[in-house]
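Welcome! Have the sequence and the 3D view open, try each exercise yourself, and then read the worked solution.

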Amino acid sequence: MKAFVVEKYGKDGARAAEVPEPTVGDRDVLVKVSAASINPLDKMVRNGDFKQLLKYKLPFVLGHDVAGVVTRVGSAVRGFDVGDEVYARPRDLRIGGFAEFIAIDMDDVAPKPASLSLEEAAAVPLVALAAWQILVDRAHVRPGHKVLIHAGAGGLGSTVVQLAKHLGATVATTTNSKTEQLVRSLGADVVVDYTKEDFSKVLSGYDLVLDSLGGANLEKSLTVLKPGGLAISVVGPPDADFAKQLGAPSFMGLIMKTLSRKIRKQAKALGVRYEFLFMRANGSQLRELGALYDSGKLRPVIDSTFPFDQTLEAMAHVEQGRTKAGKVVVSMVPDND
């Protein structure tokens with residue numbers, strides 16, 4: 001089958017290749033891929049940013065989001081049949097959405113939301129799971145909470161804005177004038193144009209900040225939190241819990257703890273907390289999220305769609321910052337514009 005594989009770590013390490021179709025284990029669902037989508041994580045994994053923790057065996061197929069049709073099920077699989085339309089963020093070390101077929105553990109798969117096309121569904125899993133795990137699992141957001149979401153027009157930000165609003169929070173976000181109307185339509189109550197204003201000068205008393213930019217932006221984010229508030233970053237620095245989540249040796253936990261020492265110290269001095277989030281595959285959460293898409297509480301935001309043959313160009317489109325809002329999708333449908 002045709003796939004896009006990481007042959008070596010680095011910017012030029014991915015290429016198109018012919019690879020064997022995946023073997024299907026007892027607990028696996030074999031999916032004929034209809035569409036996939038691009039995430040910043042694809043670039044990070046291709047570049048080897050997590051190679052000390054995620055031990056991929058080169059070459060491996062890239063791609064963390066997938067939607068498609070079940071073509072075979074393992075002997076232990078229950079709840080999925082050949083012909084079912086599904087979507088998934090396959091677990092780490094078993095990614096591979098940029099291919100014609102992928103075998104996915106049944107626990108990571110969910111029925112595709114009926115209201116979404118396969119291309120729309122492919123834009124959802126990673127960002128929707130991250131949004132759920134940030135807002136519901138970690139921050140326990142409820143009505144009355146104040147939440148600041150950076151880059152609210154992005155693939156992750158646009159999803160978190162909607163889910164935070166659904167959970168009853170007052171939602172602030174940073175964006176620019178070109179996407180202000182979009183983020184307001186998604187549920188943002190307060191919009192800060194980062195090209196004109198410093199969010200840390202105009203916002204205060206927040207329960208939660210989601211940072212997807214890192215560096216100075218993360219440090220400033222700590223200052224808008226109320227005492228006991230929580231800053232969660234999806235770009236780092238990683239903390240000891242990240243190493244534990246991936247089952248890494250204890251010395252890696254110490255390294256992660258060292259990497260995040262500065263920001264944790266700054267947070268403690270301000271009476272707030274810092275955590276790093278690396279989202280996990282979870283089919284049951286995708287089922288709950290699917291219901292929210294079908295009820296109209298959430299909707300995917302798609303920037304553009306590329307044909308499968310142009311997967312590397314789609315990745316470059318995202319890496320070069322040419323995305324205006326939302327996700328970039330790769331479609332298997334022939335002659336797709």
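**Exercise 1. In what order do the three strands of the open sheet stand, and is their pairing parallel or antiparallel?**

Before the solution, a word on the ground rules. This is a predicted model, in which local features need pLDDT of at least 70 and side-chain atom pairs count only at pLDDT 80 or more, while totals for chains, interfaces and linings use all residues. Residues are numbered from 1 along each chain as its sequence is written, and side-chain values use heavy atoms, with hydrogens and water left out.

Step 1. Find the strands: helices (H or I, at least four residues) and strands (E, at least two) are DSSP runs, numbered from the N terminus.

Step 2. Check for pairing, which requires that DSSP finds at least two bridges between two strands. Strand β1 (residues 2–6) and β2 are joined by five bridges in the antiparallel sense. One place to look is phenylalanine 4, whose bridge partner in β2 is alanine 16.

Step 3. Read off the order: β2-β1-β4, with antiparallel pairing. β2 (14–18) and β4 are the edge strands; each has a single partner strand, so one side of each is left without a neighbour in the sheet.

**Exercise 2. Trace the β-α-β unit made by β12, helix α7 and β13, and find its handedness.**

Step 1. Start with the strands. Strand β12 (residues 206–211) pairs with strand β13 (residues 225–233) in the parallel sense, over five bridges. Here leucine 208 stands opposite leucine 230 in β13.

Step 2. A crossover is called right-handed if, with the strands pointing away from the viewer, the path from the first strand over the helix to the second runs clockwise.

Step 3. Move on to the next strand. β13 also pairs with β14 in the parallel sense, over four bridges. Serine 233 has phenylalanine 276 in β14 as its bridge partner.

**Exercise 3. Which phenylalanines form one aromatic cluster, and how do the rings of phenylalanine 242 and phenylalanine 276 meet?**

Step 1. Know the rule: rings of Phe, Tyr and Trp (its six-membered ring) pair if their centres lie within 6.5 Å; planes under 30 degrees apart count as stacked, over 60 as edge-to-face and the rest as tilted.

Step 2. Apply the rule. The structure holds seven aromatic pairs. One of them joins phenylalanine 242 and phenylalanine 276, edge-to-face, at 5.0 Å centre to centre and 75 degrees between the planes. Phenylalanine 242 belongs to helix α8 (residues 240–245) and phenylalanine 276 to strand β14 (residues 273–276), so this pair ties together parts 34 residues apart in sequence.

Step 3. Turn to phenylalanine 278. Its ring and that of phenylalanine 242 have centres 5.0 Å apart and planes at 45 degrees, so the pair is tilted. Phenylalanine 278 sits in the loop between β14 and α11 (283–294), 36 residues from phenylalanine 242.

Step 4. Name the cluster: Phe50, Phe242, Phe276 and Phe278.

Step 5. Check accessibility, where buried means under 20% relative accessible area, exposed over 50% and partly exposed in between (1.4 Å probe, protein chains only). Phenylalanine 242 is buried at 2%, and phenylalanine 278 is buried at 7%.

**Exercise 4. Is leucine 286 buried or exposed, and which residues does it touch?**

Step 1. Locate leucine 286 in helix α11. Its relative accessibility is 0%, so it counts as buried.

Step 2. List its contacts (heavy atoms within 4.5 Å). Leaving out residues up to four places away in sequence, leucine 286 touches Tyr87, Ala88, Arg89, Asp108, Ala110, Pro125 and Leu129.

Step 3. Compare sequence with space: leucine 286 and valine 109 are 177 residues apart in sequence and 7.7 Å apart in space, C-alpha to C-alpha.
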